[in-house]
Amino acid sequence: MATGITDALVDYAQTLKYEDIPPEVLERTKQMLLDFLGVAYGGLLTGESSGPVIDGVLDLASGAAGESAVLGRPERLPAHYAALLNATFAHSMDFDDTHRDAVIHIGTPLFATLLALADEHASTGRAVSGRDFLTAAVIGYDVTGKIGKAHGGSMHARGFHPTATTGIFGCSAAGARLLGYSAQQTANAMGLNVSQSAGSTQFLENGSWNKRFHTGLAAHNAVMSLVMARHDYLGATSPIEGSRGYFALYAGAGADASRALDGLGSDFEVMNTAVKPYPCCRYSHATIDAVADIVRAESLASPDIDGIEIAMGETGYGLVADPVEMKRVPSNVVEGQFSVYFAAAATAGKGGYAWDAYDRLDDAEVRRLMQRTSVTLAEGIGAGMESVVAVRTADGRTIERTVAFPKGEPENPMTWEEMQAKFTEWSAPVIGAERAAQVIGSVASLESLSSMSELTANLGA
């Protein structure tokens with residue numbers, strides 16, 4: 001097992017300078033922030049879990065007031081509760097950013113943590129500038145992304161959800177930088193994280209809301225560890241690479257710890273992160289792109305299709321294709337989000353995939369086509385996003401497409417205009433078109449903000 005990983009990441013969190021971050025990295029980070037905000041509003045608007053989690057957090061808060069904004073809501077709550085709500089909202093549509101090598105949604109717990117801390121910090125008279133925020137966010141993407149690249153798909157193979165289990169380390173490292181912590185305080189926070197990392201993929205068995213809550217807990221628990229570290233509470237040493245640390249316990253032999261520092265400070269992980277055009281598991285997106293392209297090019301309607309054959313990699317297969325007897329008959333939104341059979345069938349019927357797809361979970365034609373869809377495990381793809389699709393038509397033709405990089409990957413990116421449209425679609429119904437436009441403007445010029453409060457003032461109800 002490699003040594004010194006935690007110390008190197010702590011040192012990076014302490015020493016990275018805004019001036020050393022390339023302009024394209026800063027621009028990408030702003031895009032990811034806008035995407036986070038948009039999908040959080042969407043989760044608040046559409047998520048059937050949002051009402052219960054709001055009620056639960058307000059119950060836990062017991063009337064306690066705070067300084068941190070809750071997106072789309074009038075409350076200002078203590079930072080850990082605001083972070084919990086905002087991160088849970090942002091993961092409720094499964095529409096948030098993804099890092100394919102780490103198999104993680106980095107931005108959701110990270111931005112929820114940083115926004116809550118920025119508001120709380122400003123209340124003490126120490127405003128967090130846009131530049132400070134961007135620097136911390138870049139650090140968070142790198143810490144989570146580097147650790148995640150070291151374990152890759154091995155976490156999912158063991159039944160963990162690394163968005164939460166790995167994400168908490170990036171949240172704490174970034175939060176420590178935002179708050180101006182010492183190296184020892186940062187190390188203490190990350191040392192406590194190894195006792196907070198949690199997130200099981202058992203939610204796949206019944207389409208529960210656990211996965212959404214994982215991201216909220218990662219942000220909430222990161223704030224808790226940072227508060228403890230501020231008061232010099234001693235955390236474990238070598239929490240990531242130690243003999244009973246994160247890699248050993250959560251990844252076992254599946255981790256290549258030597259990758260955890262590769263390109264640190266030069267290969268920025270936010271540049272390796274994708275934005276989702278469709279609200280479902282990322283491993284279904286290449287299939288959606290392929291099916292949509294076929295039905296549009298051939299002017300096919302769902303009844304024109306006799307069957308669909310899909311080949312995909314091991315990580316995706318385990319998440320969205322297996323067990324087939326369950327994945328072919330999703331009964332709720334979460335099960336639909338994690339069924340490539342549903343993704344393919346719903347796309348075939350509309351030539352695309354959007355949130356209203358889940359209104360068709362019981363549609364007879366969608367159900368028929370799911371039963372006529374088969375998925376095989378393709379050698380050599382592994383944790384990759386590639387999908388090979390063959391559509392068999394009722395008149396005997398077979399039409400094939402291979403999508404190596406689905407829309408939104410760094411190799412096939414969404415434009416800034418497309419990302420603004422995604423944000424506006426979900427934010428405007430919550431905060432209004434005028435304020436949504438103001439938020440876009442603030443994010444686009446984030447480096448010029450003297451205080452993040454100029455942004456967060458527009459985020460609540």
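The model is predicted, so local features need pLDDT of at least 70 and side-chain atom pairs count only at pLDDT 80 or more, while totals for chains, interfaces and linings use all residues. Residues are numbered from 1 along each chain as its sequence is written, and side-chain values use heavy atoms, with hydrogens and water left out.

S50 lies in helix α3, residues 50–61. Helices (H or I, at least four residues) and strands (E, at least two) are DSSP runs, numbered from the N terminus. With a relative accessible area of 2%, S50 is buried; buried means under 20%, exposed over 50% and partly exposed in between, with a 1.4 Å probe and protein chains only. Leaving aside residues up to four places away in sequence, S50 touches G43, L44, F89 and S92, where contact means heavy atoms within 4.5 Å.

I turn now to the sheet. Four strands form an open sheet in the order β6-β5-β7-β8, with mixed pairing. Two strands pair if DSSP finds at least two bridges between them. Why does one side of β6 and of β8 have no neighbour in the sheet? Both β6 (373–377) and β8 (398–403) stand at the edges, each with a single partner strand.

Strand β7, residues 387–393, pairs with β8 in the antiparallel sense over six bridges; within this pairing, R392 has T398 as its bridge partner. β5 and β7 are also antiparallel, over seven bridges, and I310 is bridged to V389 in β7. Five of the seven residues of β7 are buried, so β7 is largely enclosed by the rest of the structure. In the hairpin of β7 and β8, four residues stand between the strands, and G396 takes a positive phi near 95 degrees.

Finally, which residues of helix α17 are buried? They are V340, Y341, F342, A343, A344, A345, A346, T347 and A348. With nine of its 11 residues buried, α17 is therefore largely enclosed by the rest of the structure. Just after α17, G351 takes a positive phi of about 75 degrees. Thank you.
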